[in-house]
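Open the model in your viewer and keep the selection tool at hand. The stops below are given in the order in which to select them.

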Amino acid sequence: MKNTTHFYSLKPQWQRSFADGINAELIDDKIIVIPETIGTGHTYFIEVAPGISVLFSDYTLTSPIRMSKLTSEEEFYIFDYNLTEFGDLDDEINDAINLDLTILNNQIENAYEPAVNQKTFGFSLFIDAVMMQKFINEMPHAEFLNNKLNNSNKPHKDYIDSNSLILIFSLKEKSIFDVSFEEYLKGISFKLLANFLNRNADLVPAKEYM
């Protein structure tokens with residue numbers, strides 16, 4: 001098994017060391033093309049706005065790789081929407097809960113081994129911690145949401161709402177080399193963040209019913 005280490009950043013510079021680690025091609029500081037020696041597919045990373053970035057992944061590995069994410073000095077949250085295990089979209093929307101949204105602090109180290117010969121399909125939002133805090137402080141029950149996000153020991157598991165599922169799955173119909181792809185990806189990023197904030201604004205801590 002090949003082992004590689006990398007870090008994440010709100011800026012695109014992190015991609016160079018990641019691409020070098022798997023001998024991949026990096027195009028325009030946005031697209032990492034998975035080399036044929038280990039699989040097929042790509043990742044696509046852009047800054048959506050100051051303090052918000054997105055990483056879209058769509059690839060299939062033919063050789064096992066262990067990817068270890070190190071911490072960096074930047075403080076931001078990673079909202080990882082993992083649709084790898086999802087099959088039919090209609091079936092997933094009909095499920096009551098899909099705990100496939102993982103939220104973690106960039107200061108947490110973790111390791112991941114993508115499945116071999118199975119498509120990895122995911123969408124990760126990187127959101128500056130100070131910016132996210134401002135969003136949360138405008139919401140009712142801000143302390144409740146802060147407690148969910150600010151666990152420094154382990155990631156928080158949440159579910160992907162049906163509207164967000166539809167938005168992410170729509171990327172399957174797009175080519176990353178289309179001139180409109182970047183703007184489309186930015187639009188989805190803002191909508192996913194809004195969906196998360198709107199849904200959590202309606203949540204009431206259980207203790208308030210006791």
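This tour of a predicted model visits a pocket, a helix pair and a salt bridge.

**Stop 1: the largest pocket**

The largest pocket has a volume of about 610 Å³.

Which of the elements gives the most to the lining? Select S10, which supplies five residues.

**Stop 2: helices H3 and H4**

Select residues 129–137 for helix H3 and residues 142–149 for helix H4. The two helices pack at an angle of about 150 degrees, and their axes are 9 Å apart. Angles over 145 degrees count as roughly antiparallel, so H3 and H4 are roughly antiparallel to each other.

Show the side chains where the helices meet. From H3, take Met-132, Gln-133, Ile-136 and Asn-137; from H4, take Ala-142, Leu-145, Asn-146 and Leu-149. By class, the residues of this contact are five nonpolar and three polar, with no charged residue.

**Stop 3: a salt bridge**

How many salt bridges does a search of the whole structure find? The search gives eight. For the pair to inspect here, select Glu-47 and Lys-11, whose side chains form a salt bridge at 3.1 Å, N to O. Glu-47 belongs to strand S4 (residues 39–49), while Lys-11 sits in the loop between strand S1 (2–7) and H1, so the pair ties together parts that are 36 residues apart in sequence.

Terms used:
Residues are numbered from 1 along each chain as its sequence is written. This is a predicted model: local features need pLDDT of at least 70, side-chain atom pairs count only at pLDDT 80 or more; totals for chains, interfaces and linings use all residues. Side-chain values use heavy atoms; hydrogens and water are left out. On a 1 Å grid over the protein atoms alone, a cavity is a set of points where a 1.4 Å probe fits but cannot get out, and a pocket is an open set with protein on both sides within 12 Å along at least five of seven lines; lining residues have an atom within 4 Å of a point. Grid points are joined across faces, edges and corners, and a volume is the space filled by probe spheres set on the points. Helices (H or I, at least four residues) and strands (E, at least two) are DSSP runs, numbered from the N terminus. Axes are lines fitted to C-alpha atoms, for helices over the stretch in contact, and angles run from 0 to 180 degrees between N-to-C directions. Angles under 35 degrees count as roughly parallel, over 145 as roughly antiparallel, 65 to 115 as roughly perpendicular and the rest as oblique. Contact means heavy atoms within 4.5 Å. Ala, Val, Leu, Ile, Met, Phe, Trp, Tyr, Cys and Pro count as nonpolar, Asp, Glu, Lys and Arg as charged, and the others, Gly among them, as polar. A salt bridge is a side-chain nitrogen of Lys or Arg within 4 Å of a carboxyl oxygen of Asp or Glu.
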